[in-house]
Amino acid sequence: MVRVPLTDEERSRGERLGVALRAARAGRSMVDVAAEAGISVETLRKIETGRIPTPAFFTVSAIAKAVGVPLDVLRTACEEPDPAFKMSQAS
């Protein structure tokens, strides 16, 4: 099986997901969150740093549950800001 390279947008979205999850984790340790989510600390670290930019849905769901963040909030956090919106705010 040949894996298709990720696009810049996919990598960027993965970085935004990592930022959102780190923020949601707040003061909790990676060890605590990873244990509650049922994943390894290394997997959580890779997701939070964007090294796994497209984690499995069930992994993201487990982390979201562990940190108490609804999936729709994470989805919104991962959306790329609309350049037209930025332009309208500058006016």
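Modeller: A contact means that heavy atoms lie within 4.5 Å. Please note that this is a predicted model. By that definition, Glu 48 touches Gly 18, Val 19, Leu 21, Arg 22, Arg 25 and Met 30, leaving aside residues up to four places away in sequence.

Colleague: Why is Glu 48 called buried?

Modeller: Buried means under 20% relative accessible area. Glu 48 has a relative accessible area of 2%, so the term applies. The position of Glu 48 is in helix α3, residues 41–48.

Colleague: How much of the protein chain is buried?

Modeller: Of the 91 residues in the protein chain, 30% are buried. The chain exposes about 6,200 Å², of which carbon and sulfur atoms supply 59%.

Colleague: Which elements make up the protein chain?

Modeller: The protein chain has 6 helices and 0 strands. Read from the N terminus, the order is α-α-α-α-α-α.

Colleague: Which residues line the largest pocket?

Modeller: A lining residue has an atom within 4 Å of a pocket point. Among those that line the largest pocket are Arg 13, Leu 17, Phe 57, Val 60, Leu 71 and Glu 79. Two or more lining residues come from each of α1 (8–25), α4 (57–67) and α5 (71–78). The largest share, 4 residues, belongs to α5. The space in this pocket is about 230 Å³.

Colleague: What makes a residue of that lining nonpolar, and how many are there?

Modeller: Leu, Val, Phe, Pro and Cys are among the types that count as nonpolar. On that basis the lining divides into 8 nonpolar, 1 polar and 3 charged residues.

Technical notes. Residues numbered from 1 in each chain as written. Predicted model: local features only at pLDDT ≥ 70, side-chain atom pairs only at ≥ 80, totals over all residues. Heavy atoms only, no water. 1 Å grid on protein atoms, 1.4 Å probe; cavity = no way out; pocket = protein on both sides within 12 Å on 5 of 7 lines; lining within 4 Å. Points joined across faces, edges and corners; volume = space filled by probe spheres on them. Buried < 20%, exposed > 50% of the residue type's maximum accessible area, 1.4 Å probe, protein only. Areas by Shrake-Rupley, 256 points an atom, 1.4 Å probe, with all protein chains shown as cover.
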